[in-house]
Amino acid sequence: MKELHRTGVALFATLILAAPAWAGAGPAGHQDDTFSAGEPGEANKPARIVQVTMGEADGKMTFTPNKIEVKKGEQIKFMLRNNGELDHEFILATTAENLKHAESMKKNPDMEHDDPNGKRLAPKKTGEIVWRFTKAGEFEYSCLIPGHREAGMIGTVVVK
């Protein structure tokens, strides 16, 4: 009986430890805690505030501003506001990553984002993201809800 108990405990431990390996990487854009555009910032540290407004007008979907320049190492607090009539999101990554993530969104359009580098907002709602740009280069923020990116919801962050 003791041997059966030990075998059961060992089997249980093996299953628990192996479960993460079986689970896979998860949906595209949510694989791990590394980010191409830098890293989550620290809310209690100084940051430059950049207000980003999302919305729709004249058949287009927009971010205002649609281009931001930052210095490598700079921390930005993005104050997000959805002035539109539809849900919108702000996802900060490379163009390639956002295009890949957009494909996943076509399969699961109701995927919610409240990640360090992304946030989905209902109409007339606000949110914020604090981000530290640790890498030089050109990155983007876009709305990956199907059809929104295609309607113009793309912005650029240039990190020098």
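This is a short tour of a predicted model, one selection at a time.

**Stop 1: the whole protein**

Show everything as a cartoon. The protein has two helices and 11 strands. Follow the chain from the N terminus: the elements run α-β-β-β-β-β-β-α-β-β-β-β-β. How much of the protein is buried? Of its 160 residues, 36% are buried.

**Stop 2: the open sheet**

Colour strands S1, S9, S5, S2 and S3. Together they form an open sheet of five strands, in the order S1-S9-S5-S2-S3, with mixed pairing. Which strands lie at the edges? They are S1, residues 39–40, and S3, residues 60–64; each pairs on one side only.

Zoom in on S1. Two bridges join S1 to S9, residues 126–132, and these two strands run antiparallel.

Next, select S5, residues 75–82. How many bridges join S5 to S9? There are seven, and the strands run antiparallel. Pick Arg81 and look across to S9. Thr126 stands opposite Arg81.

**Stop 3: helix H2**

Select residues 95–107. This is helix H2, with 13 residues. At 1.5 Å a residue, H2 should span 18 Å; its end C-alpha atoms are 19 Å apart, which agrees.

Now colour Asn98, His101, Ala102, Ser104 and Met105. These residues of H2 are buried. Turn the view to look down the helix axis. The buried residues fall within an arc of 160°, so they line one face of H2. An α-helix has 3.6 residues a turn, so residues three or four places apart point the same way.

What do the buried residues pack against? Show strands S6 (88–93), S8 (118–121) and S10 (137–142): the buried residues of H2 pack against these strands. Then look at the other side of the helix. Ala96, Lys100 and Lys107 are exposed there.

**Stop 4: Thr95**

Stay with H2 and select Thr95, which lies in this helix. Is Thr95 buried, exposed or partly exposed? Its relative accessibility is 38%, so Thr95 counts as partly exposed. The cut-offs explain this: buried means under 20%, exposed means over 50%, and partly exposed is in between.

Thr95 and Phe139 are 44 residues apart along the chain, yet their C-alpha atoms are separated by 6.7 Å. Next, show the contacts of Thr95. Leaving aside neighbours within four places in sequence, Thr95 is in contact with Glu140 and Arg149. Display the side chains of Thr95 and Glu140. They make a polar contact at 3.0 Å.

**Stop 5: Arg120**

Finish in strand S8, where Arg120 sits. Is Arg120 buried or exposed? At 13% relative accessibility, Arg120 counts as buried. Select Leu80 as well and draw a line between the two C-alpha atoms. Arg120 and Leu80 are 40 residues apart in sequence, and their C-alpha atoms are 9.7 Å apart in space.

Definitions and conventions
Residues are numbered from 1 along each chain as its sequence is written. This is a predicted model: local features need pLDDT of at least 70, side-chain atom pairs count only at pLDDT 80 or more; totals for chains, interfaces and linings use all residues. Side-chain values use heavy atoms; hydrogens and water are left out. Two strands pair if DSSP finds at least two bridges between them. Helices (H or I, at least four residues) and strands (E, at least two) are DSSP runs, numbered from the N terminus. The expected span of a helix is 1.5 Å times one less than its number of residues. Buried means under 20% relative accessible area, exposed over 50%, partly exposed in between (1.4 Å probe, protein chains only). The arc is that of the directions from the helix axis to the C-beta atoms. Contact means heavy atoms within 4.5 Å. A polar contact is a pair of N or O atoms within 3.5 Å; within protein, one must be able to donate a hydrogen and the other to accept it, and residues adjacent in sequence count only if both atoms are side-chain atoms.
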